[in-house]
Amino acid sequence: MTNRKPWHEYGRQSEEKIHIDKIFSPYGFRYTLEAASSSSVRREDDKITYVNKGQFYGITLEYSHDPELPPLKSQTVKSIIMLVFREGKSAEEELKAWQFWHARQHSVKQRILDADTKNSVGLVGCIDEIAHNALAIYWNPLDSPAKVNIAVQCLSTDFSTQKGVKGLPLHLQIDTFEDPRDSHSVPVYNRGYYQIKVFCDKGAERKARDEERRAAKRRMSTNGKRRMEEMYHAATERSEFYSMADLSKPPILFSPSEDPEKSSVTGLEFGSELPSYFSTSRASPLSGSVGTPSIPQNSLTGGTSSGGHSPSSISTTHLLNKLNVVDDLGVEHQPPNTGQSPNSTLLVLPPEKRPKLIPPLSDRIMIYVRQETEDAYTPLHLIPPTVTGLIRAVETKYKINANNIRFLYRKSKGGILAKIDDDMLKYYCNEDVFLMQVMVTEGAGGEDHMVYDITLSEC
């Protein structure tokens, strides 16, 4: 006789479930996320809440003293709010996943977790951005609750280039320390966590509506399966964090190393790209980088200077007096006569103004799009001017996963609908203006695999 599975295991996926030991107590620290929980999570699993990428959600931090425990050592405590992976990854795997995500961003300053400082209340001092995925706040739990508004800037599907991969569940984790002075030398006093999944384009609301419809069907069922509704957590308007028993595991805080190539575009708006035809190597013969003249002394002196002096002892003025500088426009600049001795001052030439460069249409084009809900047009830079370049531009500006874009159409003023191809973009679309319509449908993999059909209608 074959062994039958327990009733609560039917319909479940074969993946290994993660169990986290918890502490249940009416006292101590409590954290609440201002977002509704899911209604389709089984009771033996942790609750989950769906949030939208880039949307701010409030987190309330409260404290209730346990009369059987001694009071807190300090009136002010330190709480670190962070985004970490739920799955049992090693520290190296977590860092590789964050590095993979960071490498696909267009600015080294793009954070994983942001805070709205203006609308946060009950804090002592400022919010510290201690890592790209972590924020530190200080508050007085004996005085009043604290509230901080946070936004997650990565999607659950951002950690794989494969199409159709299910998004990774993430944890919002809060570590609170009694002593706010140094969190590295003191143990964690309390650790709370909550499981979230991050969607784009209001996907959290669509997911919640779909699950509510399924929950309503379960409640309306009259075929004797009254236990079906009891299998799931009831949906709540606010999501209360679990209290984790394990306080010893150190969290992974991600702070990327400075990338010189990305650092050059940190002044640009996020989502923009550094044009490839603005080559950073096109500086004057004396410049190591744009606007920062430097002298390759070994090449000028043959490795040693006359008189036995080291190359570093030769002043910039002395070298400039021996050279004629020719800028990018072919204009020769004679060294100025300062009337001072060669070694008495350091001369720094201002960078020459660069002539305006217009790239050929074979390298890139620009189109303007807006949705019906938008007042202003958004420029899309197509690099290269192909369908791939268009998909990449839409992904950058509208945060739509490129792997989920199925069809691209162009609709003329006469109502003719055609599929967009490379030739159409290259020869007929530069600086055209379009009204963009995005149709979202559920893919073969369910709600987690939305596909997008995009239509660009001529204005």
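## Asp158 and its surroundings

In this predicted model, Asp158 touches Phe100, Trp101 and Arg104, leaving out residues up to four places away in sequence; contact here means heavy atoms within 4.5 Å. Asp158 is found in the loop that runs between strand 8 (146-152) and strand 9 (170-177). Helices (H or I, at least four residues) and strands (E, at least two) are DSSP runs, numbered from the N terminus.

The side chains of Asp158 and Trp101 are joined by a polar contact of 3.4 Å, and the side chain of Asp158 also reaches the backbone nitrogen of Leu155 at 2.9 Å. A polar contact is a pair of N or O atoms within 3.5 Å; within protein, one must be able to donate a hydrogen and the other to accept it, and residues adjacent in sequence count only if both atoms are side-chain atoms. Asp158 is buried yet has no salt bridge, and Lys53, the nearest side chain of opposite charge, is 4.5 Å away. Buried means under 20% relative accessible area, exposed over 50%, and partly exposed in between (1.4 Å probe, protein chains only). For charge, Lys and Arg count as positive and Asp and Glu as negative, while His and the chain ends are not counted. A salt bridge requires a side-chain nitrogen of Lys or Arg within 4 Å of a carboxyl oxygen of Asp or Glu.

## Basis of the model

Residues are numbered from 1 along each chain as its sequence is written. Because the model is predicted, local features need pLDDT of at least 70 and side-chain atom pairs count only at pLDDT 80 or more, whereas totals for chains, interfaces and linings use all residues; side-chain values use heavy atoms, with hydrogens and water left out.

## Overall architecture

The chain has 459 residues, of which 39% are buried, and its secondary structure comes to 7 helices and 22 strands. Among contacts in the chain with a separation of 6 or more, 70% are between residues 24 or more positions apart.

## Nonpolar cores

The largest nonpolar core holds 63 residues, and Ile59, Ile196 and Leu390 touch the most other members. Such a core is a set of buried Ala, Val, Leu, Ile, Met, Phe, Trp, Tyr and Cys residues joined through side-chain atoms within 4.5 Å. Helix 6 (residues 387-398) gives the largest share of this core, 5 residues. Domain 1 (28-264) and domain 2 (365-458) both contribute residues, so this core lies between them; the domain bounds come from an automatic or database domain assignment.

Leaving aside neighbours within four places in sequence, the contacts of Leu390 include Ile367, Leu380, Leu408 and Leu456. A second, separate core of 8 residues includes Ile80, Met82, Ala131 and Phe177.

## Salt bridges

The structure holds 13 salt bridges. One of them pairs Glu92 with Lys96, their closest N and O atoms being 3.4 Å apart. Both residues lie in helix 1 (residues 91-103), 4 residues apart, about one turn of the helix. Glu92 counts as exposed, at 53% relative accessibility.

Arg104 forms a salt bridge with Glu395, with 3.9 Å between the closest N and O atoms. This pair links distant parts of the chain, 291 residues apart: Arg104 in the loop between helix 1 and strand 5 (113-121), and Glu395 in helix 6. Arg191 and Asp175 meet in a salt bridge of 2.8 Å, N to O, with Arg191 in strand 10 (residues 190-199) and Asp175 in strand 9. Arg191 is buried at 2% relative accessibility, and Asp175 is buried at 1%. Salt bridges that share partners join Lys22, Asp46 and Arg86 into one network.
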